[in-house]
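Visitor: I'd like to go through the side-chain contacts in this one with you. Could you start with the charged pairs and then move on to the rings and the cores?

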Amino acid sequence: MSSPVGKAHEPNGKPSSAADSLSYAAPDSPDVGTTGQKCQPDNALTQPPCPDINDWELARVVGQLLCVSVGHHTDGAYGFSDSVDDVAALISQHHIGGVCYFPVGDAGAQPEEIRRTLATLAASSQTPLLFSIDQEGGLVTRMREPATRWPSAMAVAALADLERTRYLARCSGEELRAVGINHVYAPDADVNSEARNPVIGLRSPSSDPHIVADQVTAAIAGYHDAGLATCVKHFPGHGQTTVDSHSQLPQLVTTREEWERAAVLPFAAAISSGVDAVMIGHLAAPALDPRGGAATFSRPIITDILRTQLGFTGVIITDALDMGGAHLPGSAQHPCVEALAAGVDQLLMPRDPLGAITAIVHAVDCGELDESALRSSAHRIIQLKKRLGLFAEPSCAMQPHTHHTSYPETFSTSQTHAESGTQADEPYRISHSPSQVAPPTSTDVSLNNPATLVSHTPPTAPALNPAAEIDTRTKHSRTAFRAIRDAIAWRERSARFRLDPQRPIHISHDRLPPSIGRGVEDVPAELCSQLSAAGFSVTCHQFDDPIQSANQPSGTHTSDRIQRDTSPQRIVIIRDAWRCDDVAAQVQKHIAAGVDLVICARSPYDSMLIPRGIPTLLTFGDIPAVARALCDVLIAGAALGSTPVQLPTPTLDPRLSASPYTAHNSAGPLSEDTTALLDLQYGGDPRIHIRPYRHADREALGNICIRTGDSGSDATGLYVNEQILPDIYTYPYLEYAPELVHILDVDGQAVGYIVGVANVPDFARWWDTHWIAYLRRRYGLPSAELPARERALIAKGYDPQSMVAPWHTDYPAEFHIDMLPVVQGRNWGSKLIESFRQAVAPFAPGIAIGVGARNTRAVAFYRKLGFHTLHTHESGTYRGYTMGISTRGTL
């Protein structure tokens, strides 16, 4: 038999968690790839030749400029039916160039329904369609379960890992391509500098333009990796507005100099990075066009600034023309004509497509529109389709994709402010030093070389394999969950909270607010369920409603230690409470009565209601899996995310809260948390480190052992006396060799550890003369009423000589490693093992570890580190391995 450290040899043992075996794959790793997606669902084998639009009549050219929708914003003012059959007829008869997918009902958001719909529409078109979708992550998600739910742009920015940003975008793009989408309206390039912004918020990565620029660049690279065309929005910048353009026309209140210092930078970075399209926001920017109308209809903004000064040569798209911010006096066709006159290429979701085509042709006949300009717009759209590989002949295939992470010569790489007073015919000089997402494959990047700005090649793949699709979906689900969990952040790192397993929990929460993206999670109810399943006693109620007690799951044991203390841990959960005065008042009433923790489960700007010093967690969106992630964070008392936005100073009246990052201070100093985010993004994570063991860590390590005691999962409730786990697998090592114990620490909290010995035979002798007496006093003879796994552990503790095995001559050292889920998958497990390996190297030539064969991830993890199999164990249905590694060299 192995030692207790090698406990996975025994069927009733507690196998190693192999904490790092679940890490998300790097973008270029061989086990991550497409699932055989096609840009067009059903007509890939009958692709038409690339057309010559010079031979087209004007009405057909105009049809290419329209992107109609299946589904729409629900205001009832449409001049046509947008059912699938009617849209298919519209496409067939009028040569429509693109379709924007809006789900109709819950079924419409399911991938298979989207696939079928797009296949039907693709079959109706003579010219391949651009299939577009709003799939930003977070609340703006048109394709939902069973597709993966990805975190918001702000949550992704809170990870402070540009390679991870790129990989998440790639995964999302792969799923979109699998259903036939070839153009995603993402990423959002707005700098959310206004805390009370009603429409952007979490859709923006940050209030800092440099962070937004880097996140946008990384996301574009990821979508391109998946073979999707991209679109940044909402030019010239929607982040500093306080009005929702879906209903009214917002005003961008800023000077031109302030705009050039902040809002334009992410768009310029996106252009340099090869973005395929730019969406114009329905917002007025008097500093850029003194006439004050919507940018959608502004030639100075679209043609003079975006086309000429920023050098964008791709497709320019309106935001949806059914929005209130796009309203113009006169007919429903008037906005279409005005947008094209301003320099737009594609009209998104016009209210009356047939009327729009007629009005546009008439405007050409009357001299209001230039036919050559419309043909140039259609040519840009056809060229985008060509680069997506939608046409048959090889001459239309895309050139190899290059990810441009360097900036053109017209951009300054210094940290000085942008020059002001730029003339209309000069390119902007933007102050931003981009972070490298991956080594650029070409240095020939220039605003004067349009070919370098928009070329990319999607991966080609065989037909869709259902088994591969399921496997990829599983990987993606795990990747998304870890991103959601790792993004959760403390508002103040100096004010943190960790659940006490000996006290009950009381959760109070606001009413569920309107959910613009739908598909949200009821975080209070789900968190209550998660905590209850983890062994806590939980009560939950909505503000001013009767208290409800969480039911314990069937078969779950609540240990006596949870029932001893009736003093509750008080948690308040809020979701966009800042938007509603009555809810904000209820929040402050509960806080005045005393709380231990506040969870801002949707918007981080709810923190303006919470006084400083109260532990406050930010989740950056209440999508599914957030509650499960919160459970991990609360048990560990550690949140790994950072705050990518400057938050308002808390006030008793949120309506009086100053914007945290207005144009007037956009060049000013960053907050402590935002500075920390920059430190993480451009370096390591100083909050996480490995340190020596301290006696004060003992109880925390015991709790970690219990929380990972079921094959790396939570063992709470699985044992009559769960303290048997640390008494066998943790505490004896703390007594025998505390100098070999290393702690994984996050902001002062122990969240993982490695324990072990340099000489197993000597350890067994110590156990026999010291530790066994403690175990006999505590547990006596194993009762037949105890579960079999518990009796087996006690019996193991009474037989220390079973620890010694023949391989201990060459591999005398052994270890045991446990890490809470909140830090798994971040390469810290391998770092803990290396720290132990170096510590025992002077005393032991090799290290052995026991692993159960069913824990395939752990086996793969250790083999990846260089461990090899020393012995195979078989007993009945059980199979396990002893694996070993030399202490010489490095992992």
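**Charged pairs, rings and cores**

Guide: In this predicted model, arginine 826 and aspartate 486 bring their side chains together in a salt bridge, at 3.4 Å from N to O. The two partners come from distant parts of the chain, 340 residues apart, with arginine 826 in the loop between β21 (813-819) and α25 (828-840) and aspartate 486 in helix α14 (residues 466-487).

Visitor: Is aspartate 486 buried or exposed?

Guide: Aspartate 486 is buried, with a relative accessible area of 1%, whereas arginine 826 has 23% and is partly exposed.

Visitor: And how many salt bridges are there in the whole structure?

Guide: The search of the whole structure finds 34 salt bridges. One of them pairs aspartate 745 with arginine 691, whose closest N and O atoms are 2.8 Å apart.

Visitor: Which strands do aspartate 745 and arginine 691 lie in?

Guide: Aspartate 745 belongs to strand β19 (residues 742-746) and arginine 691 to strand β18 (residues 688-692), so this pair ties together parts that are 54 residues apart in sequence. Aspartate 745 is buried at a relative accessible area of 2%, and arginine 691 is buried at 7%.

Visitor: Which residues do salt bridges with shared partners join into one network?

Guide: That network consists of Asp134, Glu136, Arg142, Arg203 and Lys233. Arginine 142 also has its charged end over the ring of phenylalanine 102, 4.7 Å from the ring centre.

Visitor: What does aspartate 289 form a salt bridge with?

Guide: Its partner is arginine 291, with 3.0 Å between the closest N and O atoms. Aspartate 289 is buried, its relative accessible area being 6%, while arginine 291 is exposed at 61%.

Visitor: Switching to rings, how many aromatic pairs does the search find?

Guide: Across the whole structure there are 14 aromatic pairs. In one of these, the ring centres of tyrosine 736 and phenylalanine 763 lie 4.9 Å apart with the planes at 55°, so the pair counts as tilted.

Visitor: Why does that pair tie together separate parts of the sequence?

Guide: Tyrosine 736 is in helix α22 (residues 731-736) and phenylalanine 763 is in helix α23 (residues 760-779), so the pair ties together parts that are 27 residues apart in sequence. Phenylalanine 763 is buried, with a relative accessible area of 0%, whereas tyrosine 736, at 22%, counts as partly exposed.

Visitor: What about tyrosine 736 and tryptophan 766, how far is it centre to centre?

Guide: Those two rings form a tilted aromatic pair as well, with 5.4 Å centre to centre and 55° between the planes. Tryptophan 766 lies in helix α23 and tyrosine 736 in helix α22, so this pair ties together parts that are 30 residues apart in sequence. Tryptophan 766 counts as buried, at 17% relative accessibility.

Visitor: Which residues do ring pairs link into a cluster?

Guide: The cluster is made up of Tyr733, Tyr736, Phe763, Trp766, Trp767, Trp771 and Tyr774.

Visitor: Last topic: how many residues are in the largest nonpolar core?

Guide: The largest nonpolar core has 105 residues, and those with the most contacts inside it are Leu121, Val232, Phe235, Leu306, Leu347, Leu348 and Ile360. Apart from that core lies another, of 104 residues, which includes Leu725, Tyr729, Leu744 and Trp766.

Visitor: And what does leucine 306 touch?

Guide: Leaving aside residues up to four places away in sequence, leucine 306 touches Phe235, Ile271, Val278, Ile280, Ile301, Gly311, Phe312 and Ile316.

How values were computed
Residues are numbered from 1 along each chain as its sequence is written. This is a predicted model: local features need pLDDT of at least 70, side-chain atom pairs count only at pLDDT 80 or more; totals for chains, interfaces and linings use all residues. Side-chain values use heavy atoms; hydrogens and water are left out. A nonpolar core is a set of buried Ala, Val, Leu, Ile, Met, Phe, Trp, Tyr and Cys residues joined through side-chain atoms within 4.5 Å. Buried means under 20% relative accessible area, exposed over 50%, partly exposed in between (1.4 Å probe, protein chains only). Contact means heavy atoms within 4.5 Å. Rings of Phe, Tyr and Trp (its six-membered ring) pair if their centres lie within 6.5 Å; planes under 30 degrees apart count as stacked, over 60 as edge-to-face and the rest as tilted. Helices (H or I, at least four residues) and strands (E, at least two) are DSSP runs, numbered from the N terminus. A charge sits over a ring if NZ of Lys or CZ of Arg is within 6 Å of the ring centre and within 35 degrees of the ring normal. A salt bridge is a side-chain nitrogen of Lys or Arg within 4 Å of a carboxyl oxygen of Asp or Glu.
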